[in-house]
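Biologist: I have a chain to go through with you, and I would like to start from its contacts. Please have a look at it first.

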Amino acid sequence: QVQLVESGGGLVQPGGSLRLSCVASGSIFSINSMNWYRQAPGKEREWVATITKGGSTNYADSLKGRFRISRENAKNTTYLQMDNLKPEDTAVYYCNIVARQRVADPLYDYWGQGTQVTVSS
């Protein structure tokens, strides 16, 4: 069993910053990519950022320069630093990992329960 727990969400004023964390635990052999998604009210879930096992990063075009993803492999943890937040960043943010539980297993997607980020004055 693999569990992902996100934290760090909350209410922040426009222009403010938040740092989300996601810790993966349980029976994990290896984690390939670690990813963040978000879902705003009434909208579909959208991809935010990805970081590979080797540390390569990729971002949704609209978020480049404001969001930064990082990871600590030894802690099975990923972070999303969000700066200069805007009201349109309001959403539930989900952590996702692509991982295998045993050496011969295929890769699977695992999801956290989400953390609410609200940007409002």
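Biologist: Of the contacts with a separation of 6 or more in the protein chain, what share is between residues 24 or more positions apart?
Modeller: The model is predicted, and contact here means heavy atoms within 4.5 Å. Among contacts with a separation of 6 or more, the share of residues 24 or more positions apart is 56%.

Biologist: Which strands stand at the edges of the open sheet of four strands, and why is one side of each left without a neighbour?
Modeller: The order in this sheet is β1-β3-β8-β7, with antiparallel pairing. A strand with a single partner has one side left without a neighbour in the sheet, so the edges are β1 (2-7) and β7 (67-72).

Biologist: By how many degrees are neighbouring strands of this sheet turned against each other on average?
Modeller: The open sheet is antiparallel, and the angle is taken with direction ignored.

Biologist: Which residue in β3 is the bridge partner of Val5?
Modeller: β1 and β3 (residues 18-26) run antiparallel and are joined by six bridges. For Val5, the bridge partner in β3 is Val23.

Biologist: Which element gives the largest share of the largest nonpolar core?
Modeller: This core has 31 residues, and those with the most contacts inside it are Trp36, Leu80, Met82, Tyr93 and Ile97. Two or more residues come from each of β1, β3, β4 (30-39), β5 (46-51), β7, β8 (77-82), β9 (91-100) and β11 (115-119). The largest share is five residues, and the element that gives it is β9.

Biologist: Leaving aside neighbours within four places in sequence, which residues is Leu80 in contact with?
Modeller: Leu80 is one of the residues with the most contacts inside the largest nonpolar core. With those sequence neighbours left aside, the contacts of Leu80 are Leu18, Arg19, Leu20, Trp36, Val48, Ala49, Phe67, Arg68, Ile69 and Tyr93.

Biologist: What percentage of the 121 residues is buried?
Modeller: Buried means under 20% relative accessible area. By that cut-off, the buried residues of the protein chain make up 45%.

Biologist: What radius of gyration does the protein chain have?
Modeller: The C-alpha trace spans about 50 × 25 × 25 Å along its principal axes. A compact globule with 121 residues would have a radius of gyration near 14 Å, and the protein chain agrees with that, at 14 Å.

Notes. Residues numbered from 1 in each chain as written. Predicted model: local features only at pLDDT ≥ 70, side-chain atom pairs only at ≥ 80, totals over all residues. Heavy atoms only, no water. Pairing = 2+ DSSP bridges. Axes fitted to C-alpha atoms, helices over the stretch in contact; angles between N-to-C directions. Core = buried A, V, L, I, M, F, W, Y, C linked by side-chain atoms within 4.5 Å. Buried < 20%, exposed > 50% of the residue type's maximum accessible area, 1.4 Å probe, protein only. Rg over C-alpha atoms; globule rule 2.2 N^0.38 Å.
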